[in-house]
Amino acid sequence: NPPAKSQPMMLLARATQCAETASIRLRLTARSATRAFCTVRCPSASSLVVLGLEPGASRQQIKNRFYELARMTHPDVVDSVKQPEGQPTFIEVLAAFEWLMADMPPQTDATAPSTAARGNSRGASPRAATASRFSSALRQKTLGEVLCERLEDEPAAAAEVWADIQQRQLPVVAATLDLLFKACARSGSGLYGAIDIMREAARTGVLTPEVRAAALVSLIKWCKEDRQSFELIVNEIDETERTPEVMETMSYANFLYSGVDGYSK
């Protein structure tokens, strides 16, 4: 009979097996487990290595590098089975990014981007509250959504981000357009800039009927200013789309995102 394993060896084997099992589970849990995965596998030093950054990297350098690596590692653009040797996975990149951002000193009121909808100094309006519903879905964000997160700090880059999404032929979901339209409203390109994006998306055939319907609501939510702008949005609806359900949704959205006069905020 083979000699019995000593108790320390048995404990070590069990600990190793548990660690391997935990690591696999963390990798498979994607977005919901990223914070836990980060705590175990991505302290600050190794997070810098994952992102290829030097100690002392600024907040903006970390963000720029994250967006660069996201374009290379996100499942929308790379097959996990054919992941290049030595290249971190998107989960590892995201975990490292979130660890480093959490480790950064908090931004002051003077430098932090406003979270109020369209500059409302009284706090988040129904627009901002509703916007969070798109991103809170229990799924991994598309690469388009990840790239659009840059717009929170750089709303004027909406056209650039949209061009990148088009060039890479990325899937376009409702949350992607919602973030783009919000940036248009904040940057000054406004309704016309947002309509240009939606028309281009429709022309290239990347919008499903459901996404297009959600996009119309987002146009109202972020870009409607008065009766004239609401009518411009309604004019974007084709005759074939003007079902009672769609028009009722538009009417309700106009009511939901309106001020005391029924149109302005």
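Biologist: How many aromatic pairs does this predicted model hold?

Modeller: The count comes to three aromatic pairs.

Biologist: What decides how the pair of F66 and F97 is classed?

Modeller: The angle between the ring planes decides, and planes under 30 degrees apart count as stacked. The rings of F66 and F97 have planes at 10° and centres 4.1 Å apart, so this pair is stacked. For F66 and Y67 the planes stand at 50° and the centres 5.6 Å apart, so that pair is tilted.

Biologist: Which parts of the chain does the pair of F66 and F97 tie together?

Modeller: F66 belongs to helix 4 and F97 to helix 5 (residues 90–103), so the pair joins parts that are 31 residues apart in sequence. F66, Y67, F90 and F97 make up one aromatic cluster.

Biologist: Is F66 buried or exposed?

Modeller: F66 is buried, with a relative accessible area of 0%. F97 is buried as well, at 11%, and Y67 is also buried.

Biologist: Now to helix 8. Which of its residues are buried?

Modeller: In an α-helix there are 3.6 residues a turn, so residues three or four places apart point the same way. In helix 8 (residues 158–167), the buried residues include A158, V161, W162, D164 and I165. Viewed down the helix axis, the buried residues fall within an arc of 155°, so they line one face of helix 8. On the other side, A159 and Q167 are exposed.

Biologist: What covers the buried residues of helix 8?

Modeller: The cover includes helix 4 (59–73), helix 7 (143–148), helix 9 (174–187) and helix 10 (190–203).

Conventions:
Residues are numbered from 1 along each chain as its sequence is written. This is a predicted model: local features need pLDDT of at least 70, side-chain atom pairs count only at pLDDT 80 or more; totals for chains, interfaces and linings use all residues. Side-chain values use heavy atoms; hydrogens and water are left out. Buried means under 20% relative accessible area, exposed over 50%, partly exposed in between (1.4 Å probe, protein chains only). Helices (H or I, at least four residues) and strands (E, at least two) are DSSP runs, numbered from the N terminus. The arc is that of the directions from the helix axis to the C-beta atoms. Contact means heavy atoms within 4.5 Å. Rings of Phe, Tyr and Trp (its six-membered ring) pair if their centres lie within 6.5 Å; planes under 30 degrees apart count as stacked, over 60 as edge-to-face and the rest as tilted.
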